[in-house]
Amino acid sequence: MRTYRLFFLIYFGILFLIIPPGFALKNKETATRWNSLLVISNKVPDTIKAKKKNHPVVTSSVLKNNAACTFTATISGGKCTGSVLTVAGNQQPEKIEWKKDGITVETQTAGKFSNPVVVAGGHGAGSNANQLNGPDRLWIDAADNVYIPDYYNARVQKWAPGATAGVTVAGGNGPGNAANQLDHPSAVFTDAAGNIYIADQHNNRVQKWAPGAVTGETLITNLSAPTGIFVDNNGYIYVAEELGYVVKKYAPGSVNGIVVAGGHGQGSTAKQLDIPTGLFVDNAGNLFVSDENNNRIQEWSPGATTGVTAAGGHGAGNAANQLNYPVDICVDAFGNKYISDFSNNRVMEWDAGAITGTVLARNINASGITIAINNSLYVSDFAGNKVLKFTNPLNGTYTATSPGNYSAVVTSKTGCQVTTNAIEVIASETPQVTIAANTEIICDKFTPVFTAVPVNGGTSPLYQWQINGLNSGVNGTSATFSNAGAKPGDVITCLITSNYPCLTLPTATSNAITLTGPAEICAVNITADNTTICQSTAVSFTAVPTNGGTTPTYQWFVNDIASGTGVTYVSDKLNDGDRVTCIMMSDAAICQLNTTANSNVVVLKVNQVYAPFIAIKSNTDVYYKGRTVTFTAMPVDGGVSPVFQWLVNGANAGSNSLQYVTNSLAEGDVVTCMLTNNQPCTTQPTVTSSPIIVNITTVIEIVPPNTFTPNGDGINDTWEIKNIMAFPKCNVQIFSRYGQRVFQSTGYSKQWDGLYKGKELATGAYYYLIKLDEKHTLSGSVTILR
């Protein structure tokens, strides 16, 4: 048998096997193991030949011709600042150098999960908020909230990061099968919307609890001890039926599952399962099953009819290639498996392709296990009634906090080194939206129109308009909004959903606009060019609007009777005391408290049109030369303070007085008076009286007779007074001796005949009193003889 001498060289922590020409590893399994552990070469690498001071890092390009170096790695993640970039590859990385624009910004070096800390429970078995009793197959959401099926407390507890107590998010009402109860929940899963999926083991059902719900919804029933549950990215639900020896997959909304693992009865063949419990489905759809009684982890690829043992499978035991009742499984981005090795009270890591595992932690009654986005490992300690968190210094992630071109140089455990793809990260922006209205006043006549102005809204943002916080209309692309049903006091806002590629938040809420009722009042005031007029004089009224719009309409009224339209109204048919008003109808293009307005009232003072007249009189009909005469004016409709101008023969005489007194009259003088009236309305301002023509009387002596004989003989039968006719207005009175008046006459056109009341008076003396005028009076006696 030919003997070969093999050489080993350790260079920068990497073990190199120098293989002589012609040497081959005959056993395929052995070769595979070597290939996974060693960098195999049949010559010393070029980099080893380099001088130490110039040696480069071993890269994939150096080892690219080596069959053992098949390492690949990529990064994925968002393209916005704040995004978490994640390395994924076909081997476990030993080192990751994160680069931005070609410059190293962080270096991560592998280390074992360490520093376990209690993040839930740890206060003994119990049902208080800070206690657990049999924590089982748990789940971690993107915010590192821990969801724990609290097996014996018949509840699911949620522990936020850093919390000292849990919150019951499902069950908690004692064991039972009511909608608000659970009975020995054994596994839990949450989706991106926060819905909680629960394997309700003793109720043989799967429950879904929406966020904040107080009761659950039964999705699947008639199961055989459902113990494990997983929901993939497409919403398919995987359920492990412990006593059915099968794993089924349920489409969203379906109650009929299809078998994706087992289903051939209890057994240990490749197509069988024996007490399947924990489940995990990777992004490629590969299903990993904790095959508890077979002490192995089985991997079932999509559509496979048999499983492949991915860990254990060498009987129950605590050797590196053995498991003892594994009850849960999770897989990281590199294909490394983490296993709850329940009966060995340990946590195992089984690298991708490895035939043995590594113990991560001992003395833990590991029942549930899951790995977070940041590669922290969470383990339920069933008997310890607590949940532990293990951190990993090489978490395979990097948060891009600033814009740039990011990549990673990844070194595998076997020494292979590759540079990943690059991801360009751009700055994250915060969406904003501001709304404005053409008016904030609402009424039946006008509905405000709101317009949203987005910032960082993207190419086609969605707008959800809200009234008082409640959605109004659909979440659509319209940046304008109007709702005729809105009312004063309503608060209008807009929620924008941006499609800008990089956002700190996907949505933003606008400023609020509170609608108000109308406050503006329309009014109208009317004026007249004259309110005191003469009858039949035309008056022009003008309406002066306030907030009347552009072309208000007007209705005029006289004493409440419609009389005209238009902004002005003219009438010459008004009477004294008439009340003129106007109603204006506003056409303002905004909401107003009133759309019609009543004007003020204009009351007309309409004066009668007077025809002034003046007459004059004299205090005597007999004019004597040198005698004082008083003329008096008798005006009609001359007003309250008329002006008098006396004229004698057409020349002004006297003063502005109602009377004119003179003693210088001559024969034939003509006396008149001109009246200037102050009536507000008159036919003519001045009028002249009719004239009084003065005739001077020559005074003659009047001697009444002292006797007369009224005996009917026709001679001296009456008391005749000669020349008394010159005094036509004289006053003649005759009295008896006892003072009884027996005769009285103004003027003496009918002479006294000695009778009194038609009877003859007795003979005897009687006494007379004759007032010729204002200055001449005669008295004496007269005797009647018969």
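**Cysteines, rings and cores**

Cys-80 is buried, with a relative accessible area of 12%. Here buried means under 20% relative accessible area, exposed means over 50%, and partly exposed lies in between (1.4 Å probe, protein chains only). This is a predicted model: local features need pLDDT of at least 70, side-chain atom pairs count only at pLDDT 80 or more, and totals for chains, interfaces and linings use all residues. Residues are numbered from 1 along each chain as its sequence is written, and side-chain values use heavy atoms, with hydrogens and water left out.

**Disulfides**

- The structure holds 3 disulfides; a disulfide is a pair of cysteine sulfur atoms within 2.5 Å.
- Cys-80 is bonded to Cys-502, with the sulfur atoms 2.0 Å apart.
- The link of Cys-80 and Cys-502 is left-handed, with -80° about the S-S bond.
- Cys-80 lies in the loop between strand 4 (73–76) and strand 5 (83–89), and Cys-502 in the loop between strand 41 (491–497) and strand 42 (507–509), so the pair ties together parts that are 422 residues apart in sequence.
- Strands (E, at least two residues) and helices (H or I, at least four) are DSSP runs, numbered from the N terminus.
- Cys-502 is buried, at a relative accessible area of 1%.
- Cys-443 and Cys-591 form a disulfide with sulfur atoms 2.1 Å apart.
- The torsion about the S-S bond of Cys-443 and Cys-591 is about -85°, so this disulfide is left-handed.
- Cys-534 is joined to Cys-681 by a disulfide (S to S 1.8 Å).
- The link of Cys-534 and Cys-681 has -100° about the S-S bond and is left-handed.
- Cys-534 is partly exposed at 22% relative accessibility, whereas Cys-681 is buried at 1%.

- Cys-582 is buried, at 1% relative accessibility.

**Aromatic rings**

- The structure holds 26 aromatic pairs.
- Rings of Phe, Tyr and Trp (its six-membered ring) pair if their centres lie within 6.5 Å; planes under 30 degrees apart count as stacked, over 60 as edge-to-face and the rest as tilted.
- One of the pairs is Phe-450 with Phe-481, which is tilted: 6.2 Å centre to centre, with 40° between the planes.
- Phe-450 lies in strand 37 (residues 450–455) and Phe-481 in strand 40 (residues 480–481), so the pair ties together parts that are 31 residues apart in sequence.
- Both Phe-450 and Phe-481 are buried.
- Trp-719 and Trp-752 pair edge-to-face, 6.4 Å centre to centre and 80° between the planes.
- Both Trp-719 and Trp-752 are buried.
- Ring pairs join Trp-719 and Trp-752 into a cluster that also includes Phe-708, Phe-743 and Tyr-748.

**Nonpolar cores**

- A nonpolar core is a set of buried Ala, Val, Leu, Ile, Met, Phe, Trp, Tyr and Cys residues joined through side-chain atoms within 4.5 Å.
- The largest nonpolar core has 59 residues, and Val-247, Leu-287 and Leu-377 touch the most other members.
- Apart from this core lies another, of 22 residues, among them Phe-708, Val-742, Tyr-748 and Tyr-766.
- Leu-377 touches residues including Phe-113, Cys-330 and Phe-390, not counting residues up to four places away in sequence; contact means heavy atoms within 4.5 Å.
- Cys-330 is buried, with a relative accessible area of 1%.
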